[in-house]
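My notes follow in the order I looked things up.

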Amino acid sequence: MTQTPWNPTSPGADPGSSFAELLRQSGLEPPVPQGDVSETFDVVHGTTCVAVRYADGVVIAGDRRATSGNLISHRSIEKVFPADRHSAVAIAGAAGPAVEMVKLFQLQLEHYEKVEGTSLSLEGKANQLSQMLRNNLPMAMQGLAVVPIFAGYDLAAEQGRLFQYDVTGGRYEELDYTATGSGSLHAGTVAKIHFRDNMTRDQAVDLVIESLFQAADADSATGLPDLIRGLYPVVATISADGFDRLENDELETRVRTLIDRYTTVGGRDGGNSLSAEGGPQ
Amino acid sequence: MSQPFYVAPEQVMKDRADYARKGIARGRSLIGSTYDGGIVICAENTSNTLRKVSEIYDRIGFAGVGKYNEFDQLRIAGVRHADLKGFNYSRADVDARSLANQYANMLGQVFTHEMKPMEVEILVAEIGLTEPERDQLFHILYDGSVTDHTTYVVLGGDADALRERMADWAPNKSLSDTLKLLVAALAGDDRTLVADDLEVAVLERGEERRTFKRIEGDDLTALL
């Protein structure tokens with residue numbers, strides 16, 4: 001095809017269905033910083049996200065806090081994003097590059113779908129995110145690491161699937177639950193202990209809320225639900241019907257129920273221990 | 001040194017235009033039209049996989065008639081242009097008018113400078129997110145000439161005959177009524193077209209960010 005100013009590709013270097021390649025050829029790729037950014041500035045960090053599988057798909061959730069050093073820099077940041085109709089990505093790590101990566105990832109999936117006329121498989125989407133992380137490795141070396149979770153409903157296998165990543169782009173499929181970020185140890189442990197096969201949507205949603213609550217209880221960089229400002233974790237379910245973000249009203253009810261249970265069932269130390277009858281099941 | 005024969009520029013352009021028109025006339029026509037909920041594009045296309053109508057961006061659809069590989073290249077160039085623009089600025093800044101201008105430049109450039117003109121006619125359609133009066137249909141010809149419409153537009157070799165059959169067209173009809181009219185116009189007097197012979201897509205005003213939807217199979221049969 002003839003080259004025109006708005007079609008920056010020559011036939012020899014067709015970017016195909018890759019939006020990232022198109023950006024590269026258009027010279028719009030962000031430059032890699034020289035030197036360790038985190039040594040010079042306090043980089044804003046997003047913290048804890050968790051995802052669990054349930055009977056109809058997956059539930060994915062993230063707290064609302066972003067920290068820079070020992071300051072809370074945002075109370076209402078969102079770390080869970082729909083990637084397309086049947087998948088979502090949750091991010092932990094340097095907030096700037098992470099949000100940019102999500103934006104690029106969403107566009108990549110949409111771009112592929114439009115150019116090719118068909119969606120990528122869930123495996124293909126997970127792999128795309130892996131490649132984007134690998135490309136981000138030079139940034140991670142400069143203190144701008146991003147560690148996401150990818151969760152989606154596999155239309156071919158008819159079940160929810162979860163993927164965990166590391167900064168090098170390593171992709172690890174998890175069967176039941178996964179967590180990322182500074183509070184991931186605590187959130188993951190709660191999810192691990194209370195996970196049951198074939199949970200209902202309600203059970204799974206309560207489990208992720210409790211996981212984040214316990215993570216916030218033990219990790220200073222993870223935010224508790226903020227009843228004063230009406231800020232609750234971002235929670236979304238992904239099933240055959242697609243991505244569905246929970247309304248604030250439902251979250252408030254569930255958070256209040258959880259707090260009531262902690263303050264009545266467990267007595268004085270209710271906030272520190274999960275008694276047998278207090279679990280989400 | 002050999003001297004090429006002199007050919008008047010008028011003759012060159014006329015030959016090229018005739019060539020492009022002949023190529024376009026070989027394919028089947030399509031019609032884009034507004035209806036009460038947005039824009040519907042209806043093409044005669046027996047293939048379920050090789051598309052004539054497709055999505056460019058949130059509120060923008062694309063349709064082409066003529067040579068498949070040529071309008072498909074234009075489609076992909078349009079998707080790239082729109083996605084890059086949306087990434088650089090904002091999704092709201094991607095509009096059909098600028099896209100239509102780019103297509104016009106591209107087709108005009110090819111028409112005057114290349115060995116052979118592109119044997120295509122394309123439609124770039126955009127709906128207003130809330131205001132129906134901002135629905136727009138841009139019709140771009142093989143030589144880069146553009147016309148814009150707010151009612152309906154017919155693409156393809158048989159356009160004049162089809163336009164005559166569109167006499168009953170009226171604005172703000174339901175999707176089903178509009179579609180029946182378009183299909184009757186495409187079919188003519190001595191044929192009937194069923195869902196399998198058609199490719200139909202709408203840009204539908206509503207809650208969703210991406211407004212482009214294909215209507216296929218039973219859904220389409222129900223509307224007809």
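I began with the hairpin of E6(B) and E7(B), where five residues lie between the strands. B:Gly144 has a positive phi there, near 95 degrees. I note that this is a predicted model.

I then looked up how the two strands pair. E6(B) and strand E7 (residues 146-149) of chain B are antiparallel, with four bridges. B:Ile140 is opposite B:Val146 in E7(B).

I checked the other neighbour of E6(B). Strand E5 (residues 120-126) of chain B is joined to E6(B) by five bridges, also in the antiparallel sense. Here B:Ile122 has B:Ile140 as its bridge partner.

Next I turned to the contact between the chains. I find 25 residues from chain B and 23 residues from chain A in it. B:Arg80, B:Leu84 and B:Phe87 supply 35% of the area that chain B buries against chain A, more than any other three residues. The area buried between the two chains is about 2,200 Å², and carbon and sulfur atoms give 61% of it.

I counted the polar links as well. There are five salt bridges between chain B and chain A. A:Glu110 forms a salt bridge with B:Arg209, with the closest N and O atoms 3.4 Å apart. I also have 11 residue pairs in polar contact between the chains.

Last, I looked up which element of chain B gives the most to the side that touches chain A. H2(B) does, with 12 residues. I divided the residues of that side into 11 nonpolar, five polar and nine charged.

How values were computed. Residues are numbered from 1 along each chain as its sequence is written. Chains are lettered from A and ligands numbered from 1 in the order in which they are written. This is a predicted model: local features need pLDDT of at least 70, side-chain atom pairs count only at pLDDT 80 or more; totals for chains, interfaces and linings use all residues. Side-chain values use heavy atoms; hydrogens and water are left out. Two strands pair if DSSP finds at least two bridges between them. Contact means heavy atoms within 4.5 Å. Buried area is the accessible area (1.4 Å probe) that two parts lose on being put together, summed over both. A salt bridge is a side-chain nitrogen of Lys or Arg within 4 Å of a carboxyl oxygen of Asp or Glu. A polar contact is a pair of N or O atoms within 3.5 Å; within protein, one must be able to donate a hydrogen and the other to accept it, and residues adjacent in sequence count only if both atoms are side-chain atoms. Ala, Val, Leu, Ile, Met, Phe, Trp, Tyr, Cys and Pro count as nonpolar, Asp, Glu, Lys and Arg as charged, and the others, Gly among them, as polar.
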